[in-house]
Amino acid sequence: MKNHIYHFLLLCAAATATFPTALQAQKKATVLDVKTDITDNNIVYPESFEADTRKMLEGWYMKNYMATDDRYLRESDTRNDDKTMRERLAKLPTVIELPYNQVVRSYIDRYTQKGREQVTVLLGLSHYYLPIFEQALEERGLPLELKYLPVIESGLDPNAVSKHGAAGLWQFMIATAKGMGLEVNSLVDERRDPYLSSKMAAKYLSDLYATYGDWSLAIAAYNCGPGAINKAIRRAGGDPKKHDFWSIYNYLTPETRGYVPMFIAANYVMNYYPQHNISPVIPTKPLVTDTLQISDRVHFNQISAILDIPVDELRVLNPQFRADIIPGSAERSYTLVLPSQQVHAYLMSEDAIKAYEAEKYVRRETVEPGDAPLVASAETTPAVDSDPEDNALPVASASSSKGVRTVTHKVKPGESLASIAETYSVTPEQIKSWNSLRRNAVRTGQLLRINTATAEGEAETLIADANVAPTRGEQSWQPATPAASSRKSTASKSKSAKAKTPATTSHKIKNGESLSSISKKYGVSIAELKKANGMKNDNLRAGNTLKIPAKSTKSSSKKSSKKRRRR
């Protein structure tokens, strides 16, 4: 029995020794080389493939900086065999492995057949965005072919938002973005900032590669997160360090399975589009940009109006500002991207930009119950009965002391701190100091105290303003005429001296005083008081100053005769 067993083992060993080549051939034929032979009939295309490419093609940047033709519409895709496409991929100068298989081919066909218009858009936008991506990758020493990840993530749309809430060119979730220090709120979303998001994406990819030591796994983890990749590696078994994307392919979700093949397809299409009858996109003019740090709250409309830049262009260059507002402050500045030729213009016009319609864009820091909104619309602005000629005059109440006139100015619609300062020949900083203002904005109806110098001994002529209906017990004042020249002032003084007109006096109105009591105090009639001060009614306001006219000869003689009769 032992001899039979011995002879059987010898025969098996001989057979194995005789046919080693046949067994090896059989083994090679049954081992699946997933990188080149893998097939998948359940291809899932990403949301970026469903982008509104027609809208993007007609967007501001494409219409103003790019020229395209309709070759992609007139001519169909050329049929390229697998061997040709495999060779083209192999020729690309990349560090990351770009194998060719049926799954990769399906994504290439999606781009070059149904997505021909989208490729045209991608090529146009790439002129602006790819240099930004390359710079961020180069700073981290990463493979430059990673610049095509935003092609499949967002379709190069900085305002793209996925159904899961990922946003921006690199499609960061809010938690991930905030964890990397990006700001996300109602006014600013730095996930949409091409520069900042690219820097964060490069850092994130660098960390993923340090974790896995394989770019295919790092790219897949960028899509679904390290947790899903680690789970797939455990399910695949074996040495975790020997796995790559293709060895764990069947343990991934359908969405993640297509991510690396889609990345390979994007590299192919963005380099070999002419071979598929997709027209090249030619820049019509260079878009050269520069940056500024803005530490003030500024609206795009203010910049657009002063620098004559379309708001759409500002949005294209600065998509991170979600409401067209740069919420700068002394504690936090923000980067504004402008065409390079406009940067100097902004610096020279900064005050004018901030002052333009400032009351319309100012943000109230404090508010009291009953306060009117900062911006008064046509429906909410109270109508006033006024003379059109008076509308050019500033509303004010005034007092005069020691050559300095104190004016209380009521802000009218359309006025700014700068325009009011110019009216009274003072600086905005002085007005802010006199009124304890912390910002450069004023609101319609706000009262401002303004000090203006007057010639020594010069009489102040005040008239009641017709623009604003005074409230009960209140009188509004304004200068009777625009600022007079020094020659007119001198002539007036000379004329007064020749006429030997008695010097006029002034009276500061106290609480409870009326025209009647003041007229009795100074021995002048109410009519004379109203005439001297241009008053149209009897309303007075405590703190205002009245001009007291000289006593008339008639009234003086009557008073003297009365005194003589009493004696």
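I take buried to mean under 20% relative accessible area, exposed over 50%, and partly exposed in between, with a 1.4 Å probe and protein chains only. I take helices (H or I, at least four residues) and strands (E, at least two) as DSSP runs, numbered from the N terminus.

**Entry 1: the model.** I am working with a predicted model, where local features need pLDDT of at least 70 and side-chain atom pairs count only at pLDDT 80 or more, while totals for chains, interfaces and linings use all residues. Residues are numbered from 1 along each chain as its sequence is written, and side-chain values use heavy atoms, with hydrogens and water left out.

**Entry 2: the whole chain.** I looked up 27 helices and 13 strands in the protein chain. Of its 567 residues, 43% are buried. I count a contact when heavy atoms lie within 4.5 Å. Of the contacts between residues at least 6 apart in sequence, 69% join residues at least 24 apart.

**Entry 3: helix H26.** I looked at H26, residues 526-533, and found Leu529, Ala532 and Asn533 buried. Seen down the helix axis, the buried residues of H26 fall within an arc of 85°, so they line one face. The arc is taken from the directions from the helix axis to the C-beta atoms. I note the general rule that an α-helix has 3.6 residues a turn, so residues three or four places apart point the same way. On the other side of H26, Ala527 and Lys531 are exposed. Just after H26, Gly534 has a positive phi of about 65°.

**Entry 4: H8 and H9.** I checked how helix H8 (residues 102-114) meets helix H9 (residues 116-140): their axes come within 4 Å and cross at roughly 90°. The axes are lines fitted to C-alpha atoms over the stretch in contact, and angles run from 0 to 180 degrees between N-to-C directions. H8 and H9 are therefore roughly perpendicular, a label for angles of 65 to 115 degrees. H8 contributes Tyr111, Thr112, Gln113 and Lys114 to the contact, and H9 contributes Arg116, Gln118, Val119 and Leu122.

**Entry 5: Glu183.** I found Glu183 in the loop between helix H11 (174-179) and H12. Glu183 has a relative accessible area of 18%, so it is buried. Its side chain makes a polar contact with the side chain of Tyr334 at 3.0 Å. A polar contact is a pair of N or O atoms within 3.5 Å; within protein, one must be able to donate a hydrogen and the other to accept it, and residues adjacent in sequence count only if both atoms are side-chain atoms.

Terms used:
Parallel < 35°, antiparallel > 145°, perpendicular 65-115°, else oblique.
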